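Please look through the structure below before reading on. The paragraphs after it are meant to be read alongside the coordinates.

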Amino acid sequence: MDATKEGRKHNLPIVDLKAQYESLRDEITSAIAGVLEMQHFILGPNVAALEREIAELCSSQFAVGVASGTDALILALRAAGVGIGDEVIVPAFSFVATADAVSILGAVPVFADIDPLTFNINATHAATLVTDRTRAIIPVHLYGQSADMDEISALASRHRLIVIEDCAQALGATWKDRPTCSHGDYGCISFFPSKNLGAYGDGGMITVRSAQEAASLKMLRSHGSARKYHSDVQGMNSRLDELQAAILRVKLPHLRDWNERRRHVAAMYREALGQLEEVTLPFESSNVRHVYHQFTIRVARRDEVQKALFASGIQTFVYYPVPLHLQPMYAHLDYKRGDLPTSENAAKEALSLPMFPEMTEEDVMRVAGCLRECLAAPVV
Ligand SMILES: Cc1ncc(COP(=O)(O)O)c(C=O)c1O
């Protein structure tokens with residue numbers, strides 16, 4: 001048994017990056033050495049090649065590498081012309097970056113509730129939030145499952161809203177057989193290390209349809225300049241670095257298989273947990289190819305279950321314990337507890353179990369056995 005599998009017998013992490021690294025160690029080492037030999041660290045050939053490869057994966061015309069998924073959202077909003085006082089509709093149940101990309105530009109995040117089955121934005125509720133200041137909507141494909149892009153696109157075209165897909169957790173997923181990132185005006189990707197395609201540091205990318213938009217994003221990521229030392233617009237320094245791009249290019253050819261493995265692990269979980277009455281398994285819409293960035297169950301005794309799993313050496317996470325409208329940073333927006341009940345319930349009940357492509361049946365059975373045992377115990 002290899003070292004990482006042996007280690008997992010004791011402590012099962014929610015994601016095991018070491019297992020993936022061990023399978024690619026030599027290729028990654030030589031990709032890094034290649035960049036060091038070339039001494040081209042900023043916007044070199046690996047960034048350009050990765051931009052083409054990701055655009056192709058996402059059936060998009062162009063892709064622009066940036067420093068993180070958060071910057072991808074900020075720059076997409078900037079490119080779309082969103083600024084001070086504009087309103088942008090975002091789901092209340094997401095990672096905070098989805099909303100703070102909006103507020104950092106002086107625009108106002110307007111929080112929509114979510115669908116209880118998919119955890120994704122509820123387009124019917126979002127429709128009630130549109131005002132004459134609404135400029136954009138950001139559907140998040142949470143946990144690896146696409147939001148309903150038919151409903152979002154219909155809403156956006158009714159009100160002429162810009163659609164910015166937050167694809168941070170869903171690279172390789174599809175909505176009606178078309179990749180996430182290809183439905184909206186902009187697709188924002190994160191290469192945070194634990195993502196389905198993860199760098200060894202921060203990184204991100206934005207997909208767009210036109211050469212003009214790609215050029216404008218390239219200016220924005222480099223101090224607003226198309227020509228060195230000539231800045232035409234306010235920009236920033238937000239570039240995907242060459243070392244990260246070289247590493248990501250080693251990993252990218254494996255993404256399809258890794259996502260398939262995640263789907264297989266999800267199927268094993270479904271089989272093993274199906275009989276547990278107290279557990280609600282993740283819902284998978286028939287319109288999507290879910291890539292299970294997370295396998296997130298709902299369980300009413302969530303905190304108790306999490307403690308019991310932890311005591312047995314199984315790591316789980318709560319994504320996310322506080323919905324965005326109740327975050328202290330948005331207290332000035334005057335939301336109250338009870339305003340967005342489905343998001344608030346999700347924050348109380350969601351529990352993400354270990355999920356990574358290298359998980360074995362034994363790992364899954366161990367989580368299932370532990371859950372079964374703890375749910376059979378009386379409520380404490
Ligand atoms: C839904 C969502 N949006 C945005 C981000 C931000 O990405 P990054 O951490 O690369 O800035 C993340 C990642 O953590 C995310 O999960």
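What follows goes from the sheet to the helices and then to the ligand.

This is a predicted model, in which local features need pLDDT of at least 70 and side-chain atom pairs count only at pLDDT 80 or more, while totals for chains, interfaces and linings use all residues. Residues are numbered from 1 along each chain as its sequence is written.

Seven strands form an open sheet of mixed pairing, in the order 1-9-8-5-4-2-3; here helices (H or I, at least four residues) and strands (E, at least two) are DSSP runs, numbered from the N terminus, and two strands pair if DSSP finds at least two bridges between them. Strand 1 (62–66) and strand 3 (108–112) stand at the edges with a single partner strand each, so one side of each is left without a neighbour in the sheet. On average, neighbouring strands of this sheet are turned by 25° against each other, direction ignored. Within the sheet, strand 4 (residues 134–137) and strand 5 (residues 162–166) pair in the parallel sense over two bridges, and the bridge partner of A136 in strand 5 is I162.

Helix 4 packs on this sheet, touching strand 1, strand 4, strand 5, strand 8 (186–190) and strand 9 (204–208), and its direction makes about 160° with that of strand 8. Such contacts require C-beta atoms, placed from the backbone, to lie within 7 Å, and the angles, which run from 0 to 180 degrees, are taken between N-to-C directions of axes fitted to C-alpha atoms, for helices over the stretch in contact. Helix 8 (residues 211–221) also packs on the sheet, touching strand 1 and strand 9, with its direction at about 10° to that of strand 1.

In helix 7 (residues 149–159), the buried residues are M149, I152, L155 and A156, where buried means 20 or more other C-beta atoms within 10 Å of a residue's own, exposed means 12 or fewer, and partly exposed lies in between. Seen down the helix 7 axis, these buried residues fall within an arc of 130° (that of the directions from the axis to the C-beta atoms), so they line one face of the helix. The face turned away from the buried side of helix 7 carries the exposed residues S157 and R158.

Around the ligand are 15 residues, of which S68, G69, T70, A168 and S190 come nearest; a residue is near a molecule if its C-beta atom, placed from the backbone, lies within 6 Å of it. Helix 4 (69–79) and helix 5 (97–103) each supply at least two residues of this shell.

Notes. Contact = placed C-beta atoms within 7 Å.
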